[in-house]
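Please look over the sequence and the model together before reading on.

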Amino acid sequence: MAEGQVTRGTTHPNRLRRMDRWIAATHGGALRGAARPLAVDLGFGAAPWTAVELLRRLRAVRRDVRVVGVEIDRERVAAAGPWAEPGLTFAHGGFELALPGGERPTLVRAANVLRQYDEERVAGAWASLCSRLAPDGLLVEGTCDEIGRRHVWVALGPEGPRTVTFAARLASLGAPSDLAERLPKALIHRNVPGEPVHAFLRDFDRAWASAAAYAPLGVRQRWLRAVGALRADWPLTDGPRRWRQGEVTVAWPALAPAAG
């Protein structure tokens, strides 16, 4: 029996391009090293655009990668059928990821799926999905706006959460804390004083304000300066090459919800 509930299914072409490009850049080694790489687009929604795009973007890393779009709504699975092609299939299912032959995926992408769930259900969903990953597999779970300008996601391995990435079309930002509205379910209710993610966004806004003198050189230069200033107090796991893409990635333990 499929685990989960039907989402609204909202989807648009290129909505997940920032997440996909990050996956290709940071998880490409695992995809290239896998014997038969398999990726899952979990909860692809009312239209299969995101699964089609994921296949195209991952094939730039590994030509023989396969993608399975998994949906809990059987009608959506049926409607996606005409988009199937060699390397791209669609299946009915949920968090249990009952893939044919019990195959374990190298990647599971779950975007805008847990947003509608209670926070208390996140840990169970993460644990279920992570338990089904290949040994070097990755789960990427997060939320973005309707056209993919602002996005925050958590990356998890079989052992659990590793990092949190904040990504944006920089011209759309008034301040880094604008990304708070796209925090994944595990963090969105934690953006309050006393919680680490609140402190991070506070410090990010302060660094952004301090970098205002770089604004005439362009928003990218201001972002680079602000992110660079964060490194003194926060464990950033990436560097300028990713920062230039409008991203910054922080180690999960630094942002995890406070105990209790």
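How many nonpolar, polar and charged residues does the lining of the largest cavity have? By class, that lining has 6 nonpolar, 6 polar and 2 charged residues, where Ala, Val, Leu, Ile, Met, Phe, Trp, Tyr, Cys and Pro count as nonpolar, Asp, Glu, Lys and Arg as charged, and the others, Gly among them, as polar. The model is predicted, and for that reason local features need pLDDT of at least 70 and side-chain atom pairs count only at pLDDT 80 or more, while totals for chains, interfaces and linings use all residues. Residues are numbered from 1 along each chain as its sequence is written, and side-chain values use heavy atoms, with hydrogens and water left out.

The structure holds 1 cavity of 30 Å³ or more, a cavity being a set of points, on a 1 Å grid over the protein atoms alone, where a 1.4 Å probe fits but cannot get out. About 100 Å³ of space lies in the largest cavity, the volume being the space filled by probe spheres set on grid points that are joined across faces, edges and corners. Of the 14 residues that line this cavity, Gln5, Gly43, Ile72, Gly94 and Val113 lie nearest its centre; a lining residue has an atom within 4 Å of a point.

The sheet comes next. It is open, has 8 strands in the order S3-S2-S1-S4-S5-S6-S7-S8, and shows mixed pairing; strands are DSSP runs of E with at least two residues, helices are runs of H or I with at least four, both numbered from the N terminus, and two strands pair if DSSP finds at least two bridges between them. Its edges are strand S3 (88–92) and strand S8 (247–251), each of which pairs on one side only. Strand S4 (residues 107–111) and strand S5 (residues 138–144) pair in the parallel sense over 5 bridges, with alanine 110 opposite glutamate 141 in S5. S7 and S8, by contrast, run antiparallel and are joined by 5 bridges, and here alanine 167 stands opposite glutamate 247 in S8.

Although S8 is an edge strand, 5 of its 5 residues are buried, so it is largely enclosed by the rest of the structure; buried means under 20% relative accessible area, exposed over 50%, and partly exposed in between, with a 1.4 Å probe and protein chains only. In a regular strand the side chains alternate between the two faces of the sheet. In S8, Glu247, Thr249 and Ala251 point one way, and Val248 and Val250 the other way.

Helix H3 (residues 49–59) is also mostly covered, with 9 of its 11 residues buried, among them Val52, Leu54, Leu55 and Leu58. The buried residues of H3 pack against H1, helix H2 (28–33), strand S1 (38–42), strand S2 (66–71), S3 and S4.

The second largest pocket has a volume of about 160 Å³, a pocket being an open set of points with protein on both sides within 12 Å along at least five of seven lines. Its lining includes Trp22, Arg162, Asp238 and Thr249, and helix H1 (17–26) and strand S7 (160–168) are the elements that give two or more residues to it. This lining divides into 3 nonpolar, 5 polar and 3 charged residues.

Finally, glutamine 245 is found in the loop between helix H9 (240–243) and S8, and is partly exposed, with a relative accessible area of 46%. Not counting residues up to four places away in sequence, glutamine 245 touches Arg18, Ala168 and Arg220, contact meaning heavy atoms within 4.5 Å.
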